[in-house]
Amino acid sequence: MAVDFEKVSFAYDARNMWSHSALHEVSLRLEEGVFTGIAGATGSGKSTLLQHFNGLLKPTEGKVRVLDFTLEAGGKPLLQELRRRVGLVFQFPEQQLFEDTVEKDLMFGPLNFGMDREAARQSAIRALRQVGLDESFLPRNPFHLSGGQMRKVAIASVLAMDPEVIVLDEPTATLDPESRAELAELLGRMQQEEGKTVIVVTHRIEEMLPYAGTWIVMHQGKKVFQGSPAELVHEAARLESEYHLAVPACIKVWNRLAEQYGLEQEEPCLTAEQTAARISRLLEAGDIERKGGG
Amino acid sequence: MTEEQPAYHVQHVSFAYSPEQPVLSDLSFSILPGSWVSLVGPNGCGKSTLAKLLGGLLAVNEGMIEVQGIHLSSATIGKLRSHIGMVFQNPDNQFIGSTVEEDIAFGLESRCIPREEMKERVHSYAEKLEIGHLLSKHPAELSGGQKQRVAIAAILALEPDIIIFDEASSMLDERARGELLDILRGMKEEGRYTMISITHDAEEIMASDRAIVLSDGGIAADLTPWELFQDDQLLQACRLIAPYPVRLEKELNKLGITVPQEIRQSGEVEDRIWPLILKK
Amino acid sequence: MRNRLLFGRSIETGSWIHPIDPRAKLTGMVLYLAALLLVDSWIPLLAAAIFSLIYMKMTLIPLKYYAKAAKPLWVLMVFIFVVQTLTVDEGRLLLEIGNVTVYAGGLSRGLISASRMLLLVSFTAMLTFTTTPGLLNQGLGGVLAPLKKIGVSADRLTLMMGIALRFIPTILDETHKILKAQAARGADLKELPWLEKGKLLVSLLVPVTVSAFRRAEELVLSMEARGFIIGEPRSEYHKLVWSTKATGFVLSFVVLIAIVLVLKLVLT
């Protein structure tokens, strides 16, 4: 079990007049080595949830277990080791870069966790490769890179600690569509090829749909859904109407098709290719008459 | 000014921040009043610079920009400024006032509009953008989507003819992005605004009338959004991905299933597919 | 940790103090400062404290908010207390450890000075609690307007004030976020030894400065696009109205000064 939340509640300073996105009795379990997508609108508590994964926040009620660490209200576990094993990438991580070379920034984490310089350097190189950049980036100034490259370097700076669990908050925000797709694929590889546990917060479900095996939907600090992609597709209409979940077009198209032809029991087709092929088969089966010119 | 006068007439415009690195070279195009144009292209292609030139925040090195028939220059910018509004990417960094009300009023104050009229405009445009109940709020109490609505209300309150959106939706979540798109569509329908949006967002491009594709400081293509999303090479060069319904239709085409022309011309992309595959 | 949110934020409660002309509030605060400077013994301090508490209560804002406003300056208050206590050699000798001596007079002086500081900081928070920054700024512009005669531009000053008030919370928020990101990379400010703490804070300067400059640049563009030109005439959205309450408000501070002065005279 990588992550196990037992009725976790978190309240920002309760006496505060301004309300913040808190958590209310969130229970969830995530297996090791799975790719999880967490969806929900701004203010749904996603970011608060993430900060519990590596002990930046501790629950005010309930119990959080991450790997073999337990976090409870008042408890004081060894956070340093937890933070090495659970890498947390914040939103717009490029804003945290501060060194004058990519190499130094990448080595910052490993050195903090007690690696010697040579090992830290090796980690830096490995992390760069993981995000699809090569060693030639090491001596470069991170502030002179393009937006997409800076984002990748910043993600690599967390990967350099070789965490077992990687948690990312909106990793693709503000990138161009092509870079978004690349980054999502990269994260997918991280899970499939290296066996990492990957947890991604996103409001664009479509991007992570090809990779995520589990979905969680948050709404106003509560977990309102957890299930497989197929279950997400089945419940999409309800999640949209009750919790204003932004349901991507590919799910809507499939659900409309499924409703029309009674395909609810099938594994949903969620890419344009698969869906087109399925439609073609439906047409061939003579279920519908082909209309219009061919 | 007649109706036929283009909103923008750009002739042989070049621009460089430093002589060694030209950003834009020899651009020429016109934009009709009341139309909605998307400026697209990969990062670093100069589209944000072009937006600043069109908004009069930068001056061209060579060539000429005419706004509604008037040459845009340091002498005319003061007067032309009131015709052009700009909405930027980061909702926080364009929130000048310390409350919603003050922020909407900021531009009106610059224009020395009398207090009574200011109050009226602040309230009516806040209502229009559905933020009337937030007037006394501090920006820290607002979501990104709400702040972006404030930014739009602040611009609309100045009653410009031309509005430039510089990646205005890119920092918003999906829901807020959808809502912003609806606001833009509504503005388009009103017909009183010429709109220019710089964006990577497929749906936003699709909602506009025309896409100007920039690449390496020049115009690589000038076409309808529909044509843009059919051209895989161009899409790749712009690092864009077509909206899902368009991709689906393309895949259907590959399998020999085509959509009749008359359906293609009308309505939303998504709706084009349904007549084809739904049972009667 | 969430004190940063108190900075530059008004809290609307609908009290009679909220709508008072910001110029009156600013004048009141200056008079309050003058009164506090005159306080040097316990009885006038008590009078000032009672006066302050009554006003704080009247704003209908919970007292703990005033306490929170003073919290960031506790180090300064402790410092003032320690220095005064150790340097003033009056009254009975209470404690002597080596060279360090503490006298009753010093202790009392230290306590009074620290309390004055506490009162000043928490009470003046009333200004920002009851006035939106925009109004406050406009009020400041009004109070400073006479400076134009000696060639100081109040416009620029209030513009800078306004932008600072608006962006300090944002930048603090961002700093906080970057600190968290560094903690996630194994450098937790809370757990580091002092020297490392210092180093980490210095390293923070780079990203925070970079981002502040980016914000400034975008803000300038946005202001320019909305027709702002520094020094050009502008109309004002809020109308400052000097009510009888405003006069009363200012007069009450004059009364405070009078009370403090009388008490001083009576007691000596």
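Which side chain of chain B does Arg166(C) meet in a salt bridge? Select Arg166(C) and Asp92(B) in this predicted model: the two side chains form the pair, at 3.4 Å from N to O.

Next, show chains B and C together. This salt bridge between Arg166(C) and Asp92(B) belongs to an interface across which 4 salt bridges are found. Selecting the contacting residues picks out 38 residues of chain B and 27 residues of chain C. The size of an interface is often given as the accessible area lost when the parts come together. For chain B and chain C the buried area is about 3000 Å², and carbon and sulfur atoms give 54% of that area.

Stay on chain C and colour residues 30-54, 74-95, 116-136 and 246-267, which an unreviewed UniProt entry annotates as "transmembrane region". Two of these spans can be inspected in turn. Residues 116-136 of chain C are 90% helix and 0% strand, with 24 Å between the end C-alpha atoms.

Now move to chain A and select helix 3 (residues 102-112) and helix 4 (residues 117-130). Their axes come within 8 Å and cross at roughly 115°, and the crossing is right-handed. To see the contact, display the side chains of Val102(A), Glu103(A), Leu106(A), Met107(A), Pro110(A) and Leu111(A) on helix 3, then those of Arg117(A), Ala120(A), Arg121(A), Ser123(A), Ala124(A) and Leu128(A) on helix 4. Coloured by residue class, this contact shows 8 nonpolar, 1 polar and 3 charged residues.

Notes:
Residues numbered from 1 in each chain as written. Chains lettered and ligands numbered in written order. Predicted model: local features only at pLDDT ≥ 70, side-chain atom pairs only at ≥ 80, totals over all residues. Heavy atoms only, no water. Axes fitted to C-alpha atoms, helices over the stretch in contact; angles between N-to-C directions. Helix = DSSP H or I, 4+ residues; strand = E, 2+ residues; numbered from the N terminus. Left-handed = near helix turned anticlockwise from the far one by under 90°. Contact = heavy atoms within 4.5 Å. Nonpolar A, V, L, I, M, F, W, Y, C, P; charged D, E, K, R; others polar. UniProt positions renumbered as here; feature names shortened; annotations may be inferred. Buried area = accessible area lost by both parts, 1.4 Å probe.
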